[in-house]
Every structure is written in C-alpha cells, then in structure tokens.
Amino acid sequence: MKPEPVGAPDGDAALALHDITKRFPGVLANDRVSLVFRRGEIHALLGENGAGKSTLIGIVSGMVRPDSGSIEVAGRPVRIASPSAALRLGIGTVYQHVLLVPSLSVLENLMLGNPWWRTIDRAATSERFAELAELLSVRVSPDALVGRLSLGEQQQVEIMRALWHGELVLFLDEPTSMLTPQGVDDLGVVMRRLRDHGVAIVFITHKLKEASDLADRISVLRQGRVVGEVRPAELKTMSPDAIIERVVAMMFGHDAKAGDLRATLVGDASEPQSRQHADAGVEPLLVLRGGHTAGERGECALDGADLEVRPGEVMGIAGVDGNGQKHLAEVLAGQRTMTAGSISLAGREIGHLGVAGRRRLGVRYITDERLGEGTAPRHSLAINLVIKEIGSPQFWKGGITSWRRIHDHARNMIRTYSIVAPSERVPLAGLSGGNIQKVLLAREWTGDARLLVVAKPTYGLDLQNTRRARDWIKRIGGNADTAIVVISNELEELIDVSHRIAVMERGRIAGIVKNRPGARTAIGRLMAGVEAA
Amino acid sequence: MDGLLSEAFIASLFFGAVTAGVPLLLAGLGEQVSEKSGVLNIGLEGMMLAGAFAGFAAAYATDSFLAGFCAGVLAGMSVALIMAVLCVVLGMNQIVVGIAITLGAEGVTALLHHVLYSRSYPRLSRVETWTIPGLADIPYIGPAFFDRNALIYLAFALTFFMIWVFRRTQVGLNLQAAGDAPAALDAAGVSVTVTRFVSVLVTGCLGGLGGAYMATVGGGLFLPFMTGGAGFIAIVLAMLARGNPLWVLFGAFLFGASLALTTALQVVGVNIPTDVIQMLPFAMVIVVLLLFARHSYLPPALGLPYQRGAR
C-alpha cells in the first residue's frame, strides 16, 4: 500500500488528466484540461470563482463524470465512477467544508466506508490511525467526538481519511479558508511532511501568497482552461514579486487592469497601510457592555462581550468562525435579546428595542446569509429594496401598495449602485452574488444610518466585487456620523478596511488592536488564544 | 375497585399490554431505522395497514400464521418500495408522500377487503403458541410473556439485535452518518441513496410484520382502518427514543398497557365508558410529548432529501 519514497522533485506522475472536458447547461466548466500531478510535489491550482477548480475536484474524486478525456493513475488508464473508487485508487480529497459526522468519534468517522457487512473493527482502524498520525505528526484523540474538535483538528482527520486507502494523491480544496494563522502554519508542516513521504499534493486556492509560499509548481485555470504554469525550477529562482506578477498576468490576461485587483489578490504580501482613526478622544457612538446571550446546542453565545465604536470609525471583528460573531451581529441588530448586559447608541439605551425600533434610530445590519435572512429571494428586486419598510408612507398609501413608487425607487437604486439586473421586477434569486450584495447595501445604507453592521461583506464574491465592496466600506467609513462594524474571518479584508480590529474568542472580545504595521502578528496571537503583548 | 390488584386484573393487563404493544414495538423499531438514516417515514401507518390486510388474507387462505407473517412483510415492503423510490431516489417531500401512502393504503385495503369478503368479517380460528415450560406458570406474568406466539419472542429479540446493530456494526455507523451528515457518508464512499433505500425497506418490513400481527395474533380478523393510528404512535415512539431501541420497547408497552386497560377493567367488573378508555393512548401521547419532547434528539438531516453536490 505504501509507495516507494521518491527523492527527485520531478518524480513519476501519480495522476495525469488528459483533455478533460465537462459541460454543464450553459457553462463549459472544464475545457480540454490536461494536468500532471507528480509524487513528492506540492502542486497549487489557482483560479478565480468559476475557473473550473471545483468541477476538476469533483471529477478526480468521483463526484462528477467528465464528458470526455482520460485519466491515468500511476500510468494506467482508469475510470473514476464513484467516491469510493477514487479512494480505492489512492486519490483522497479534503473538501472546503468539513465533511465529517460530528456525532461520531474520530475512529468511527474513519471507519465509515468499510464494507457494510462487517462488525466494527477497532483494532485494525486504530493501527492505521496510529500509522497516519505518526506520518502527519498530529495529536488527535481517536475517541474524541468530531463535533468537539477545532476546525484545524477536523481537517487533520479529513486528511487521514483521504489517505486511508493509500498515500498517492491528496487534493486539498481551499484548505486554509477556515483556519487560524497558526492552523495554516500547522497545515503547511503537514503538507511538507507528506510531500517528503512521496505523496502528490494538489492544493486549490485563490490566495496567491499561500500558493507561492507552499507550492513546488503552480498551474493557473481561467474559464475552465489551463492557461499557464510556473515550474519548480522557476519557482526556486524567481523572486516572490516576480512570481506574483506572472501569475496575475496569467489569471487576468496581460493587458487586464490587474494592478487594482492585485492588491486584493495578494493581500498579505504587503504590510497593511495605516488606517488609524484620528479622533481617539471622541465619545463612543456604540457601547456594548457585558453582553451575554443564550446559545443553542453547538452555537457559541456571547459571554461577556464589551465593545465601543466611535463615530466615523470602522471596527473590524476578527476571529475564527463560530466564536460568537453571529450572536454579536444579531445582538447589535436587535434580532437577539441579551440575557445580561447593556447596549447603547449615542448615549441612549437600546437593549429593549427590537429590529424596527433600532432601525428607526439608524441601526442597519447587512447579514452574510444574503438569501436566507437577508432577502426574500423569490420576490422581485424592487420589493426586496423596500422589504424592511413595508407600510412606510413613502411607498404605501393607507395600506395600498404604490407599485409605481416602489419601481421608481428600485430603478433609482439600480442606477446609483450599478446593480446589474435585466429589470427591477426579476426575482432576486436570479441575480449574481455580487449584485445581491449591492441590493443589500442599497437597502441598508440610507441617509439616516448611524450604525452599520456588516457580516462577511465579501463572502462568496469574486475578486472584482470583493474589491468594490471593500472600497465602498472604506469610502463610507470616514463619515463622521456613522460607526461601522465589519465582521469577517478574512484578516486581510479587515486590515484593508478597518481603523481598529477586535478579536473575538469564545464569545468575548479577546483584545482590540489598532490597525498599523505589525497588527497582523498581534491579531494572530489573539486568535490563537495567546494574550496580546 | 378492590379488584385492581387482583391477579386476574394484573395478568389481563400484562397480557393485553404485550398483545397491543408488540405491533407498536415492531413498527417503532422499523421507524427508528429510517429516522436514523434521515428519512421521516410518515407512511408507516399505511405500511402497517397493508401488512395487516395481506397478513390476514394469507393466514385465512392457507390456515398458516407463518404464511400470514410472510405476506405481511412482503406487503409492507412493497408499500415501502413506493416511498423509497419517490423520496430517496427522486427526492420528493417525505411528509407529502408519507401522508399520500397512508391515505392510499387505507382506501386500497378497505376496497380489497370488500372485494374478497364482501360484508362479512371472517375470523382466524386459533393462535399458535410456544409455551415455555416452567416460566409460563409464573403467576401474573407467565401467561403474558411466556405462553405466546413465536412472533412475540422474535420482537423482543429484535430489540436487542437492533442495539447490537446500532452500536457494533458498520451498518449502524452508516445509518447514523446518513442521518447526521449525509454528505460526509457520501464522501467516505458509501452511497447515501442505497443506505436510505434499504432502511426504508426495513421499516416497511417491520411495519408490515407489526400490521400482520395485529390482524392475526392480535385480533384474528381484519377490519378496514384497523391500525387506528398505531403507525403514528410508533413514529412518535421512534422520535422520542433518541435512537435507543430500549426506549421503543419501554414506550411500546406503556402504550400497549393503556390500550389494554379497557379489557382489564372489564375483567374485574369496573365499568367506565369504553370511549373514555379508548382515548387513553392518545391522551398518553400528548402527556409523553409534553414531558419528553424537549429531550428528543432528531438527526439533523431528518426529512431532507440528499442530492450529491447540492450542498
């Protein structure tokens, strides 16, 4: 089962794809993709949303059948008909979202997929577990319930499962998106160990910095095609800047206005520019003291959260997902009542007010669940723009809907926010993620806003829309009447837009850092649970 | 009222509780399997009714209880097959399909009964029993537990078999994964569709067997709509049991006892209007729900069709 160790960086091909094409209705997801993944090599696949990365993962993991093309594993042609076929060929995949059963233990999760007629064989499973734990050099208790593990530990369990039937090829789909900075470092260590053991590692990302740090070879996908490659020899000799320059050119074409996107894409390659707020002495606009909430099973509730935001300030809230960010946003918006604590806006206690009451005082909330609690997806764009003001005299006269005014208003907003939509009457669900986000911004950002809470402003958006959303926050961020709270798990984003950054950890604010050079380290320490220096 | 502690009353109560509880136990254990795998099988009542009719018809025609049980299993599974194809393979709404199956089975079995027996209600002659020597002579509980039809012993054994399956086998792991995180099971290379398909068939098999029991060992005759909500009570039992077959066993006999109370009271000459007594099991459902529903644990993916890639 174990492959022979491979010393040379250009070892033999573990998995080769030839002219893979996959067409979905209306989309050519993969267009004659040919790639070779070699043993003992970390191969990064870069590409924007819609470049065909997910389809490619689906094909090699047996979830999606290609329309044409051939696949070779260790030199032999194969067909990958199902996920179990892929696993048995030694092709393991770790998906972007954790795919483990939270109610089962680590060992039990690893036993899933054994022949169904067997009774549980703990001894054999423990043996293989110990072997892989040593190979990965990780310490996870085999009897721990998966639901109790951190996301980084869950990912390690997933890597074990992916390698369970043989250590040939390991696909990692955006593996760092859910991890703390420390978790990312640990993952890098595991990847290098596996590479040195002779595993072919394919690592899919849209973060250029990670790719150039970790990879031995970089391939770039654009619109379903392989558009370029940086070979190991080149990666060794080129400077990081030159690599980034080259990959950006591949991703967006040589003449694209790439400079603008480059900042977003590269993000952490440069030190943050200082976005300090001058008026440190001003009375805070928003004050939250000792906020406590009651959480459902598996939810992280607020446990004594304190926060002050000054007018004209953008306060970033950093932290690994699931540390109480959702409850914080809902408490600020008035969607969730606190069990203890107080909250005031411009000196006025607002804890007793619901959503409508707070909205009248200027509290606005842009949720990350854009199609869930954010909008009514089957209703028209126009009605979604006024959905929080149903009954307001501006659009309703004595209970009668004035469609003319609603549609006029919508056309106006479509122009102001350059929303791309065939008309104001189309169902909102038909719009792209970026345009739905614009609809939310247009609805919430009205003249009388005093406090704007934005959760994951760029979640699921492509680069151009990400850039736009961040610029918009920066632009309105200087407004002296308004305080803005931006919640995000992308540190680069917060460093880009915020004046100060608070780190949430287990329902509290673990610390607040001024956004200036060196802030990243301080935030990383806070996120990892180390006290701020 | 002094007869309430007499041997006649208690023996009759136990006997009745077992008689009424076994179909609930069988159907509840079956429902537990599909619920674990993430399918809320509302069609259980229909599967029981189909099993009751087929079981009676076969036992009456062949004069063999075994043939009746087999026919009940087959009928329950055929109805379950419809549910499995519509809900598991095609991903249709489980509640809508379940209700349709129950209503459909009520109509079809009533019609078939009319076609076969017109307006008469023939009875089966005798109940075959396996008497366990020695134990059957124990006062109070001997006749209720140790002088019964073989199926009753099987139902008890099945409870413990299920515990073993859930705790000690791959199948148990697969079932739990299918209900808690189907995408994880799929990624591990086990087909969610097959897992759920089979568990719906198992539900049909056990529901049908429970129905056949009602119409043969239980009553010895078939009446249209004779399951009278037993399938729904079994669904409630499975939901409250938190995945543990022992709770299904306990619940089934609790409900069985409340159903048996009418007869037991008449044995000792207490006359409460039967309408009041017949309300008992349903009042009991409400009380039990009020007391325990808070603690029920349902698989997160219960009732949600699984489609690969549609996460």
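**Exercise 1. Determine where B:Val18 is found and whether B:Val18 is buried or exposed.**

Solution. In this predicted model, B:Val18 is found in helix H1 of chain B, which covers residues 7-36. The next step is the neighbour count: B:Val18 has 23 C-beta neighbours inside 10 Å. The cut-off for a buried residue is 20 or more, and B:Val18 therefore counts as buried. Contacts complete the description. With neighbours within four places in sequence left aside, B:Val18 is in contact with B:Ala144, B:Phe145, B:Arg148, B:Ile152 and B:Gly256. A further reference point is B:Pro133, 115 residues apart from B:Val18 in sequence, with 19 Å between the two C-alpha atoms.

**Exercise 2. Classify the relative direction of H3(B) and H4(B), and describe their contact.**

Solution. Helix H3 of chain B spans residues 65-89 and helix H4 of chain B spans residues 94-117. Their axes come within 10 Å and cross at roughly 155 degrees. Angles over 145 degrees count as roughly antiparallel, and H3(B) and H4(B) are therefore roughly antiparallel to each other. The handedness of this crossing is right-handed. On the H3(B) side, the residues that meet H4(B) are B:Val79, B:Ile82, B:Met83, B:Leu86 and B:Cys87. Their counterparts in H4(B) are B:Gln94, B:Val97, B:Gly98, B:Ile101 and B:Ala105. Sorted by class, this contact has eight nonpolar and two polar residues, and no charged ones.

**Exercise 3. Carry out the analysis for H11(B) and H12(B).**

Solution. The helices concerned are H11 (residues 245-267) and H12 (residues 274-292) of chain B, whose axes come within 8 Å. The crossing angle is roughly 170 degrees; H11(B) and H12(B) are therefore roughly antiparallel to each other. H11(B) contributes B:Phe255, B:Ser258, B:Leu259, B:Leu261, B:Thr262 and B:Leu265. These meet B:Thr274, B:Ile277, B:Gln278, B:Leu280, B:Pro281 and B:Met284 in H12(B). The class count for this contact is eight nonpolar, four polar and no charged residues.

**Exercise 4. State how many residues each chain gives to the contact between chain A and chain B, and which helix of chain A gives the most.**

Solution. Chain A gives 23 residues and chain B gives 20 residues. On the side of chain A that touches chain B, helix H2 (83-88) and helix H3 (106-111) each supply at least two residues. H2(A) gives the most, with three residues. By class, this side of chain A has 14 nonpolar, six polar and three charged residues.

Notes: Residues numbered from 1 in each chain as written. Chains lettered and ligands numbered in written order. Predicted model: local features only at pLDDT ≥ 70, side-chain atom pairs only at ≥ 80, totals over all residues. Axes fitted to C-alpha atoms, helices over the stretch in contact; angles between N-to-C directions. Helix = DSSP H or I, 4+ residues; strand = E, 2+ residues; numbered from the N terminus. Parallel < 35°, antiparallel > 145°, perpendicular 65-115°, else oblique. Left-handed = near helix turned anticlockwise from the far one by under 90°. Contact = placed C-beta atoms within 7 Å. Nonpolar A, V, L, I, M, F, W, Y, C, P; charged D, E, K, R; others polar. Buried ≥ 20, exposed ≤ 12 C-beta atoms within 10 Å, placed from the backbone.
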